Amino acid sequence: MKKMLVMVIAVLMILTTACSSGGKESAQDAKGASDASSDKGNGDPVTISIVYKDMAPDDPWIKAVEDGMKAEGKNVKLEFVPVQSGTYSEKLGLLLQSGTIPDLIYFQGGDYQFAVTQKILEDLTPYIEKSTYVKAAMNPYNQERTANYPYLVWLSPSTTKVPVVRQDFFDKTTSGKTLLENPSIENYYNFFKEVKEKNGSKFAYTVPGDLDELDAVFAQAFGLTSTWLKGEDGKYAFGRTTKFEKEKLEFYAKLYKEGLLDPEFLTKKWDTKEKAFYDGQAAVISGTQGKVIDMYNSKSVSQNGKTATVMPLPPAKGVGEGYLPIDVSKESRGIAISSVSKNKDMAFAVLEFLASPKGQMLEKLGIEGEHYTIENDKIKFTDKYAEWYARFVDNNTNFKPDKEFDPTTPFLSEAATKSLDMVASKSTKDNTFIIPEDLQSKYDAAMAVYKEFAANVVTGKTPIDQFDKFVQDWNAAGGSDLTTKANEVIK
């Protein structure tokens with residue numbers, strides 16, 4: 001009986017220990033066992049769920065990543081998580097709040113509450129520090145943003161709008177050469193007048209719906225060298241409530257009144273803006289440096305002939321000189337890893353693969369045999385290359401393909417390359433800060449006041465002498481609290 005009792009107790013202890021251990025097995029333990037198996041290519045693949053804007057379950061990028069990682073000993077399966085149609089940031093927020101939290105999450109706004117308030121996004125700092133390729137593919141702005149806000153990583157250049165003009169339009173002017181030698185506000189004005197007149201354009205410049213693309217050229221020249229400007233009293237003021245903004249808006253109103261700015265700019269969208277440029281209605285438009293400028297160049301030549309290549313223009317020079325100051329407070333979009341994921345290391349391994357030499361070939365060039373071929377030991381793009389885009393790594397930092405590009409299909413046009421160089425040499429850092437959640441509604445309200453006033457001044461509906469009244473309205477809408485916060489956090 002004693003032996004039987006001892007055996008029963010022993011069995012019960014074993015069962016209790018096993019149940020306890022199984023019930024408390026950490027996500028890290030489960031992940032470690034799964035990753036160890038997948039690294040050898042044995043057993044079932046590790047499933048990494050991913051949500052990404054506009055990605056279909058049969059997107060060839062998914063299989064290309066899986067095959068590429070498997071070839072390197074990482075047996076992974078990417079599982080696409082659909083998002084309802086509509087505004088992506090809003091629909092993604094609803095998905096996450098419902099309890100469906102993918103391992104990899106692409107954000108395009110709306111990430112702050114999940115990172116800081118709900119704390120379901122992983123701090124990526126230790127992963128990046130241990131990485132080989134992700135770290136190497138980061139430009140200085142990526143590094144600073146991730147240091148300030150370590151929940152998103154986005155290996156793409158800063159989105160800077162660069163003005164471009166058709167080369168054949170430019171060549172018909174005499175003021176163009178003067179502009180390049182000295183891109184002052186006055187020389188830009190003279191160039192706008194002449195390029196419109198000499199080429200029969202309806203207007204010199206068109207922008208899609210607001211003044212941001214005009215600001216990319218002129219804001220710093222008028223003295224708006226950062227979002228928050230320090231006054232003589234040592235305190236910061238919102239730049240758009242200062243005399244510099246007033247002078248800038250007066251200039252924009254002049255362009256509008258004289259027919260140099262598209263009279264329908266407030267209702268223009270990106271596609272109608274581009275159509276106006278390709279059709280010759282607008283002499284100048286702005287586009288994101290690099291690939292977008294490359295697209296403008298290709299489409300302009302295709303529609304208007306070989307002489308219609310585009311050439312980037314410098315930012316105006318005045319009180320300051322540079323394109324719009326670059327926000328380094330955080331990435332405005334990017335990839336996050338869920339803090340509740342059971343496969344965090346493997347999720348980051350996907351990002352590491354995409355930043356690797358083989359991954360970057362996929363990201364930037366597409367799929368061999370479909371988007372490019374290797375002919376005479378050179379990379380030659382097919383017609384389908386224009387349809388491809390990088391999902392994660394658009395930076396050219398440390399991108400060194402092992403083959404040269406066929407000169408008949410260059411990786412980037414001369415205009416695109418020049419735009420990248422100009423942004424690199426003509427950009428400065430901004431002093432913006434992350435708007436806390438409790439001030440977000442006030443920020444939105446204050447900016448709505450600004451946008452309405454600015455649009456009305458430019459289009460002649462509101463006289464510029466109402467500027468002081470606008471500043472009062474801006475402060476009342478929440479700007480006063482934002483200014484207080486700015487003076488607390490900006491060092």
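Helix axes here are lines fitted to C-alpha atoms over the stretch in contact, and angles run from 0 to 180 degrees between N-to-C directions. Helices (H or I, at least four residues) and strands (E, at least two) are DSSP runs, numbered from the N terminus. The model is predicted: local features need pLDDT of at least 70, side-chain atom pairs count only at pLDDT 80 or more, and totals for chains, interfaces and linings use all residues. Residues are numbered from 1 along each chain as its sequence is written, and side-chain values use heavy atoms, with hydrogens and water left out.

Start with helix 19 (residues 437-458) and helix 20 (residues 467-489). Their axes come within 9 Å and cross at roughly 160°. Helix 19 and helix 20 are therefore roughly antiparallel; angles under 35 degrees count as roughly parallel, over 145 as roughly antiparallel, 65 to 115 as roughly perpendicular and the rest as oblique. The crossing of helix 19 and helix 20 is left-handed. A crossing is left-handed if the near helix is turned anticlockwise from the far one by less than a right angle, and right-handed if clockwise. Contact means heavy atoms within 4.5 Å. On helix 19, the residues in contact include Leu439, Tyr443, Met447 and Phe453. Helix 20 answers with residues including Phe467, Phe470, Trp474 and Leu482. By class, this contact of helix 19 with helix 20 has 13 nonpolar, two polar and four charged residues. Ala, Val, Leu, Ile, Met, Phe, Trp, Tyr, Cys and Pro count as nonpolar, Asp, Glu, Lys and Arg as charged, and the others, Gly among them, as polar.

Turn to helix 11 (residues 185-199) and helix 13 (residues 243-257). They pack at an angle of about 10°, with axes 12 Å apart. That makes helix 11 roughly parallel to helix 13. The crossing is right-handed. Ile185, Tyr189 and Phe192 of helix 11 meet Phe251, Lys254 and Leu255 of helix 13. Five of the residues in this contact are nonpolar, none is polar and one is charged.

Next come helix 3 and helix 16. Their axes come within 11 Å and cross at roughly 95°. Helix 3 and helix 16 are therefore roughly perpendicular. Trp61, Val65, Gly68 and Met69 of helix 3 touch Met346, Ala349, Val350, Phe353 and Leu354 of helix 16. That contact has eight nonpolar residues, one polar and no charged.

On a 1 Å grid over the protein atoms alone, a cavity is a set of points where a 1.4 Å probe fits but cannot get out, and a pocket is an open set with protein on both sides within 12 Å along at least five of seven lines; lining residues have an atom within 4 Å of a point. Grid points are joined across faces, edges and corners, and a volume is the space filled by probe spheres set on the points.

The structure holds one cavity of 30 Å³ or more. The largest cavity has a volume of about 60 Å³. Its lining includes Trp61, Val350 and Leu354. Helix 16 (residues 344-355) gives the largest share of that lining, three residues. The lining has 10 nonpolar residues, no polar and one charged.

The second largest pocket holds about 520 Å³. Of its 27 lining residues, Pro357, Lys358, Met361, Leu362 and Tyr372 lie nearest its centre. Helix 17 gives the most, with five residues. Helix 3 and helix 16 are among the elements that each supply at least two. The lining of this pocket divides into 16 nonpolar, five polar and six charged.
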